[in-house]
Amino acid sequence: MENEQLIPIEQFCEYYQVEFAFIHSLSEFGLVEIASIEEKEYLHHEQIKDIEKLIRLHYDLEINLEGIDVISHLLQKVESMRIELNDLKNKLRFYES
């Protein structure tokens, strides 16, 4: 992965005004992947959208980390089922023709 696709955690926390410990807690729950390069920690830029959702759940809706973990896994399952449903619809259209 190229370094320009990595965002320093300190910079991210300062911009979004979140605690450094919150990002580490997300990492412990497996919700965020932290990359370490030369003793500095970074976030992958692809994760930013998901992390923003997690920040809103925690700070705006006051949901604890366990709740965020459950919500995140349920949203992943819903997305997986949506993709599967679309695939099945496409197969059905193929056989209807």
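Why are Arg82 and Glu79 separated by about one helical turn? Select both: they are 3 residues apart in helix 4, and that is why about one helical turn separates them. Helices here are DSSP runs of H or I, at least four residues, numbered from the N terminus.

Before moving on, note that this is a predicted model, where local features need pLDDT of at least 70, side-chain atom pairs count only at pLDDT 80 or more, and totals for chains, interfaces and linings use all residues. Residues are numbered from 1 along each chain as its sequence is written, and side-chain values use heavy atoms, leaving out hydrogens and water.

Now show the side chains of Arg82 and Glu79, which form a salt bridge at 2.5 Å, N to O. The term means a side-chain nitrogen of Lys or Arg within 4 Å of a carboxyl oxygen of Asp or Glu. A search of the whole structure finds 1 salt bridge.

Next, select Asp69, also in helix 4 (residues 65-96). Is Asp69 buried or exposed? Asp69 counts as buried because its relative accessibility is 17%; buried means under 20% relative accessible area, exposed over 50% and partly exposed in between, with a 1.4 Å probe and protein chains only.

Technical notes: Helix = DSSP H or I, 4+ residues; strand = E, 2+ residues; numbered from the N terminus.
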